[in-house]
Amino acid sequence: MYILKRIFTMIVTIWVIATLTFVIMKFIPGDPFSSDAQTLPEDVIHNIRAKYNLDKPVPVQYLLYMKNLATFDLGPSTQSRTRDVNALISDGFPVSATLGIQSLIIAIFFGLLLGIIAALNHNKFLDYTSMVIAIIGISVPSFILAPLLIKFLAVKWHLFPVASWGTWKHTILPSLALAATPLAVIARFMRSSMLEVMSQNYMKMAESKGLSPVGIVVRHGIRNAILPVVTFIGPLFAVLITGTFVIEKIFAIPGLGKHFVDSILNRDYPVILGITVFFSSILILTLFLIDISYRLIDPRIKLTSKGD
């Protein structure tokens with residue numbers, strides 16, 4: 001029953017997001033072809049608008065859009081004459097997903113490692129060092145870190161290529177720029193959670209029973225401390241795999257982020273709507289899967305909705 005309720009809620013949420021995005025687009029003055037109205041004949045502009053249903057009343061446009069959305073047809077792009085929105089997402093999503101998954105792995109691995117090291121060495125040198133790294137990662141935005149990585153690792157020392165996409169070497173710099181902030185946040189979450197867990201009575205009881213320190217940390221410490229981190233990783237996963245706009249633009253990566261920025265600059269409403277709905281769907285689905293994963297991590301957690 002809980003899963004059915006969540007699925008229904010997910011569908012309603014996506015509908016609300018799609019509706020709000022559509023309404024916001026309609027509140028913006030003009031349309032994607034307003035700039036062409038002064039250079040092209042009036043009948044040509046009329047035919048173009050008719051092709052994209054912009055000559056119809058807004059309620060009719062909304063119904064047509066929802067009908068296409070229900071059949072997973074996100075419509076044609078107003079700027080690309082060869083690819084529709086579905087094709088743009090199909091081309092851009094694998095690129096963004098590759099970059100996002102790689103940066104997520106970096107953030108999770110080193111974030112958890114730093115957090116665990118800091119907690120196990122509380123108020124010692126390694127704790128202070130780990131937290132300094134975390135503070136730097138949180139304080140320096142990715143759009144500042146990215147040019148610094150390009151300047152030193154690409155331009156000055158020629159270690160990695162930049163402003164192109166092809167081999168795994170092209171993913172290193174943008175992955176590092178994307179991973180820095182979430183790595184720092186995960187490290188701080190893990191440190192705080194580990195410190196709280198290690199102060200619990202069952203940890204002291206496990207130690208009194210003669211269990212090895214490594215076994216106590218792995219079986220009881222990390223397993224219980226990682227739940228708050230999993231909560232943060234869910235939305236982070238959705239954000240990273242669907243494209244980070246600034247980083248993809250800086251590194252000229254042909255992912256969803258770049259398509260989204262270009263669609264805003266070109267007022268390509270179908271692409272804006274399509275990517276927004278796609279991103280929202282990924283985020284909502286990820287949050288649902290994270291809730292399910294709680295049960296796998298800790299069998300004591302029961303998946304029930306309010307009133308069950």
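Is Asn68 buried, partly exposed or exposed? Asn68 is partly exposed, with a relative accessible area of 28%, where buried means under 20% relative accessible area, exposed means over 50% and partly exposed lies in between, using a 1.4 Å probe and protein chains only. The structure is a predicted model, in which local features need pLDDT of at least 70 and side-chain atom pairs count only at pLDDT 80 or more, while totals for chains, interfaces and linings use all residues. Residues are numbered from 1 along each chain as its sequence is written, and side-chain values use heavy atoms, with hydrogens and water left out.

**Annotated transmembrane regions**

- The unreviewed UniProt entry places the feature "transmembrane region" at residues 7-28, 99-120, 132-152, 172-190, 225-251 and 271-290; these positions are given in the numbering used here, feature names are shortened, and annotations may be inferred rather than shown by experiment.
- Residues 172-190 are 100% helix and 0% strand, with end C-alpha atoms 25 Å apart, where helices (H or I, at least four residues) and strands (E, at least two) are DSSP runs numbered from the N terminus.
- Residues 271-290 are likewise 100% helix and 0% strand, and their end C-alpha atoms lie 28 Å apart.

- Helix 1, covering residues 2-27, has 26 residues and reaches 37 Å from its first C-alpha to its last, close to the 38 Å expected at 1.5 Å a residue; the expected span is 1.5 Å times one less than the number of residues.
- The buried residues in helix 1 are Tyr2, Arg6, Met10, Ala18, Thr19, Thr21, Phe22 and Met25.
- Helix 6, made of the 15 residues 142-156, should span 21 Å at 1.5 Å a residue, and its end C-alpha atoms are 20 Å apart, which agrees.

**Residues with positive phi**

- Most residues other than glycine have a negative phi.
- His158, which follows helix 6, has a positive phi near 55°; His158 is placed in the loop between helix 6 and helix 7 and, at 65% relative accessibility, counts as exposed.
- Asn53 also has a positive phi, of about 65°, although it is not a glycine; Asn53 lies in the loop between helix 2 (42-51) and helix 3 and is partly exposed, with a relative accessible area of 25%.

**Aromatic pairs**

- A search of the whole structure finds 7 aromatic pairs, where rings of Phe, Tyr and Trp (its six-membered ring) pair if their centres lie within 6.5 Å, and planes under 30 degrees apart count as stacked, over 60 as edge-to-face and the rest as tilted.
- Among them, Phe93 and Phe278 form an edge-to-face pair, at 5.1 Å centre to centre and with 80° between the planes.
- This pair links distant parts of the chain, since Phe93 belongs to helix 4 (residues 85-120) and Phe278 to helix 13 (residues 269-297), 185 residues apart.
- Phe152 and Trp157 form a tilted pair, at 5.8 Å centre to centre and with 45° between the planes; Phe152 is partly exposed at 29% relative accessible area, and Trp157 is partly exposed at 48%.
- Phe22, Tyr62 and Tyr65 form one aromatic cluster.

- Asp91 is in helix 4 and is partly exposed, with a relative accessible area of 38%.
- Leaving aside neighbours within four places in sequence, Asp91 is in contact with Arg83 and Pro254, contact meaning heavy atoms within 4.5 Å.
- The side chains of Asp91 and Arg83 make a polar contact at 2.7 Å, that is, a pair of N or O atoms within 3.5 Å, of which, within protein, one must be able to donate a hydrogen and the other to accept it, with residues adjacent in sequence counting only if both atoms are side-chain atoms.
- Asp127, in helix 5 (residues 125-139), counts as buried at 1% relative accessibility, and touches Ala118, Asn121, His122 and Arg191, not counting residues up to four places away in sequence.
- Asn68 is in helix 3 (residues 58-70), and its C-alpha atom is separated by 47 Å from that of Ser192, 124 residues apart along the chain.
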